[in-house]
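Subject: Handing over the model

Hi,

Here is the structure I promised to send over. Have a look first, and my notes follow below.

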Amino acid sequence: MLTVGEVTKIYGGRKLFYQVSTSFAPGNRYGLTGPNGSGKSTFMKILIGDLEPDTGYVSRPRKTAFLQQDQNAFDQHTVMDTVMMGNAPLWEAMQERNAIFDSGDESDEAGMRLAELEGVIAEENGYAAEAEAEELLGGLGVPDASHNASMASLSGAQKVRVLLAQSLFGSPDCMLLDEPTNNLDLETIEWLEEFLCRYNGILIVISHDRQFLNDVCTHIADIDFETIIQYPGNYDDMVRMKAAMQNRKEQENAQRDKKIKDLQEFIAKFSAGTRATQVQSRRKQVEKLQPSDIKRSNIARPYIRFDVGRESGRHVLELQEVEKGFEDGPLWKPFTGHILRGDRIGVIGRDGMGKSTLLRLLQREVTPDAGKIVEGHEVNCGYLPQEHEGTIEPGLTTDRWLHGHKPRAELEEIRSLLGRMLFRGDEGVKPTATLSGGERVRMLMCKLMLLQHNLLILDEPTNHLDLESCSALAEGLANYTGTLLVATHDRSVLAEACTRIWRIRDGEVLDFQGTYEEFVARYGH
């Protein structure tokens, strides 16, 4: 059991949690949810022990594993050693055993200690540890050739996968995972879901992937009203229960309001007459019937709608035998594709296969090595890159930055658009230099909505967004009447917004004319 008792955490005078007491049971898989800024990662750090609460305590199982956030923390170790460090008792026993062997100590004391260590290693399944680590690395898409390489030699995305394997290794009693699907492709997410659904310990996971939470979680621990409320079921179940509770409370208050109004009319009518006893009785009833307070939820959902200013011609983009590669050779064989007005294409494939490169080619950010791309009539392209550091210049406020992209727009239109994307009140004039990752993405979407492009090219647009924003984006893209190309690992976006799939695999681009569900039914993930 993982137990939290009377935990309070306050930042800058703002209460994130106040005297929170809850527990997490073995065999249950909990999604830790709440909007950006609600304190999910802060609470996870308190559970891990990286952050002390202002008051209260956390009691966690002996073998508690967590997803490391510092990608460079293990650069001095090999990939295999990094994974096996996930089981601290096993790793420490193996290191001490090796040190005794290396020392050449043949004393009785050394022999007795070696016997104790061999017992620990056997108890921790140490003789199958390397095979387990290899299985985890393979499932998470780390190639065999990298298993004995140094962590320092890996890319950031590959390091994240190794650290995820570390947190899954050694059958821990409890796993604490903060955004484990970040930088994972669809196939790897599917593997991770299956692994976690077989796990019998305590799982607490933060994710902005709604389908992942729906597929994996048996319970939701939702941060709201300065506390944590647990709901049975997955994320969609929680949303329904939360809405039903709110509606029931509002209906109860409406009934109380009506009853109070009737009683007050009676009091006003007979207060000066001979029915003083009845009047006094009704006054007491009014006092008892005061409506209960309905706390305002901190869940906020943006309103995303991409309008089209001027339609493009019927033929939007044509790829003619297009190739692109780097030092290791071409990413895919010559690819020919024709994009028509209204096409809604989801681009999928494992990391490193060239999804972002393909979108950058279409956006004319890079040029093909061979072949050509022909743009149709009146095409007006809006682009959201995967990496958006530096895309919003500092030294401005949010409203001024946005207004600079459409100077003829009325300031009221700018403020209204910012409000729809949750930049309300003082947030509408927030300095651009202080924007968080999620706020930057919402600002870039404000820009796309303002300029009313007829072609949108979006590269992993759900990165840094919370669940409600991801859901709003999927809905907004589903209602978009222009032409769409989106590379994403968010299956809700693919399922709701796309009617055509480009999959990059083994050096080929498969052009599938159909929905994402139809693609999965035919080819799998």
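How much accessible surface does the protein have, and what share of it belongs to carbon and sulfur atoms? The total comes to about 25000 Å², with 46% belonging to carbon and sulfur; these areas come from the Shrake-Rupley method with a 1.4 Å probe, and for residues only the protein chains shown count as cover.

Before you dig in: this is a predicted model, where local features need pLDDT of at least 70 and side-chain atom pairs count only at pLDDT 80 or more, while totals for chains, interfaces and linings use all residues. Residues are numbered from 1 along each chain as its sequence is written, and side-chain values use heavy atoms, leaving out hydrogens and water.

**The overall picture**

The C-alpha trace spans about 105 × 80 × 50 Å along its principal axes. There are 17 helices and 20 strands, which are DSSP runs numbered from the N terminus (helices: H or I, at least four residues; strands: E, at least two). Of the 525 residues, 48% are buried, meaning under 20% relative accessible area with a 1.4 Å probe, counting protein chains only (exposed is over 50%, partly exposed in between). Take the contacts (heavy atoms within 4.5 Å) between residues at least 6 apart in sequence: 68% of them join residues at least 24 apart.

**Cores**

A nonpolar core here is a set of buried Ala, Val, Leu, Ile, Met, Phe, Trp, Tyr and Cys residues joined through side-chain atoms within 4.5 Å. The largest one has 50 residues, and Leu168 and Leu196 touch the most other members. Another core, of 42 residues, lies apart from it and includes Leu384, Ile414, Leu456 and Leu484.

β14 covers residues 344–349, and six of its six residues are buried. Arg344, Gly346 and Ile348 point one way, while Ile345, Val347 and Gly349 point the other. Strands count as paired if DSSP finds at least two bridges between them. β14 runs parallel to β18 over four bridges, with arginine 344 opposite leucine 484. β14 is also parallel to β19 (residues 500–505), through five bridges, and there valine 347 stands opposite tryptophan 502.

**Threonine 488**

This residue sits in the loop between β18 (483–487) and α16 (491–497). Is threonine 488 buried or exposed? It counts as buried because its relative accessibility is 3%. Its side chain reaches the backbone nitrogen of aspartate 490 at 2.9 Å. Leaving aside residues up to four places away in sequence, threonine 488 touches Leu186, Val347, Ile348, Glu460, Pro461, Thr462, Val493 and Leu494.

**A three-stranded open sheet**

Elsewhere in my notes is an antiparallel sheet with strand order β13-β10-β15. β13 (335–340) and β15 (370–375) are at the edges with a single partner strand each, so one side of each has no neighbour in the sheet. On average, neighbouring strands are turned by 5° against each other, ignoring direction. β10 (residues 315–323) and β13 are joined by five bridges, and valine 322 has phenylalanine 335 as its bridge partner in β13. Helix α11 (residues 355–362) packs on this sheet and touches β10, β13 and β15, its direction making about 125° with that of β10. For that angle, axes are lines fitted to C-alpha atoms (for helices, over the stretch in contact), and angles run from 0 to 180 degrees between N-to-C directions.

Cheers

Definitions and conventions. Polar contact = N/O pair within 3.5 Å; in protein donor to acceptor, adjacent residues only side chain to side chain.
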